[in-house]
Amino acid sequence: MIAFRLDANAQVATGHMYRCMAIAKECRKKGYECVFFLADDVCADILDKAGFDYCVLNLKWDDWNYGIDLVKKAVLERKVDCLVVDSYRVTEQFFTELHQEVPIFYLDDICKQKYDLNAVLHYSEWSDERILQTVYEGTDVSVYTGMEYMPLREGFCRTEANSDKKYDFLITTGGSDTFHVTLKVLKSMLAECEFGDATVCAVLGKMNTDAEVIYELCESHNNVTILQNISNMDEIMSQSKFAVTAGGTTVYELMASGIPFVCFGFSQDQCYFGERLEAHGNAKYAGDAREDADLVVKNIIAGLKQFYFMNKDEAEEQIRVNCNLIDGQGAGRVADIIIDLCEEKDR
């Protein structure tokens with residue numbers, strides 16, 4: 001049995017859940033049962049649709065020291081062979097106490113502190129960087145880095161590029177879009193004559209509070225399509241030429257899909273990664289929405305204009321650079337690591 005400890009809600013969105021589900025599906029294919037340990041049931045319906053078992057522990061999602069004994073109890077009752085942890089809110093105490101009971105694999109986006117665990121992954125690294133290796137230097141923790149481990153959903157495994165593009169621009173800013181970026185970008189695009197009759201698809205997350213206003217705004221614009229809480233994002237991406245995204249899992253999906261994009265951040269790791277994406281020539285970075293959302297929108301519009309008038313050779317080079325980093329097979333590679341931990345426990 002493999003257990004996943006993570007949370008998904010309006011504050012942290014659903015990226016952690018989707019990438020863990022991608023890993024869990026690969027584990028399930030290899031014969032392992034999976035269960036998700038959640039603080040609450042806010043996004044449990046996502047797991048229901050995917051047919052995954054879960055246990056709501058009634059914890060404080062933003063205090064991982066609260067209810068450690070309940071997590072321990074669940075681990076023991078479910079006879080868990082490996083615990084996969086995915087959260088920005090983890091604590092040293094959580095890992096120290098849980099590691100006494102079960103092998104732990106951690107998806108680490110922050111890379112600021114070493115913890116008591118078995119294996120750790122930071123997939124947001126280029127080959128010339130040693131961010132996570134430096135943190136765990138001198139320990140016996142197994143360290144995995146590189147975008148070949150990025151756990152994308154099944155639909156993003158490498159396929160032939162779709163040359164029939166329905167949309168010029170795709171806008172997708174996360175499950176909640178706390179800083180109202182989709183609404184602001186749409187308003188700006190509709191007011192910009194340079195975009196003319198460009199076709200736009202805006203995908204709204206389940207918890208987007210601007211949905212009603214956005215539908216009203218775009219009601220009279222036939223060139224704008226609004227979708228919400230969809231399950232076929234891979235198909236929508238394949239039909240899009242360029243994109244705007246928040247700096248989460250969608251960044252990697254766009255890279256694997258061969259779509260040039262502008263990204264922005266609303267957390268420390270997203271902003272840092274966005275800056276590095278631009279420095280490595282993988283994307284345009286629009287800034288930190290927490291500091292100035294209006295400036296971010298202005299930068300997004302400028303970036304989209306550059307894409308829109310980019311020549312074919314420039315676009316193809318951008319696509320080539322990104323596709324060379326991510327092949328869509330990462331979830332299977334991560335599943336193999338986790339299964340090795342399970343088998344080591346049994347030996």
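In this predicted model, the side chain of His 122 comes within 3.4 Å of the backbone oxygen of Ser 124. Ser 124 is also one of the residues in contact with Phe 273, a residue of helix H10.

**His 122**
- His 122 lies in strand E6, which covers residues 119-122.
- Its relative accessibility is 4%, so His 122 counts as buried, the cut-off for that term being under 20%.
- Beyond residues up to four places away in sequence, His 122 touches Asp 108, Asp 109, Cys 111, Ile 131, Leu 132, Tyr 144, Thr 145 and Gly 146.

**Phe 273**
- Phe 273 belongs to helix H10, formed by residues 268-279.
- Phe 273 counts as buried because its relative accessibility is 4%.
- When neighbours within four places in sequence are left aside, the contacts of Phe 273 are Ser 124, Trp 126, Met 147, Val 251 and Tyr 252.
- Cys 263 stands 10 residues from Phe 273 along the chain, and 9.8 Å separates their C-alpha atoms.

**Helix H10**
- H10 has 12 residues, which at 1.5 Å a residue should span 16 Å; the end C-alpha atoms are 17 Å apart, in agreement with that figure.
- Its buried residues are Asp 269, Gln 270, Cys 271, Phe 273, Gly 274, Arg 276 and Leu 277.
- The cover over these buried residues includes helices H5 (131-135) and H9 (249-257), together with strands E12 (261-265) and E13 (284-288).
- Just after H10, Gly 281 adopts a positive phi of about 80°.

Note on methods
Residues are numbered from 1 along each chain as its sequence is written. This is a predicted model: local features need pLDDT of at least 70, side-chain atom pairs count only at pLDDT 80 or more; totals for chains, interfaces and linings use all residues. Side-chain values use heavy atoms; hydrogens and water are left out. Helices (H or I, at least four residues) and strands (E, at least two) are DSSP runs, numbered from the N terminus. Buried means under 20% relative accessible area, exposed over 50%, partly exposed in between (1.4 Å probe, protein chains only). Contact means heavy atoms within 4.5 Å. A polar contact is a pair of N or O atoms within 3.5 Å; within protein, one must be able to donate a hydrogen and the other to accept it, and residues adjacent in sequence count only if both atoms are side-chain atoms. The expected span of a helix is 1.5 Å times one less than its number of residues.
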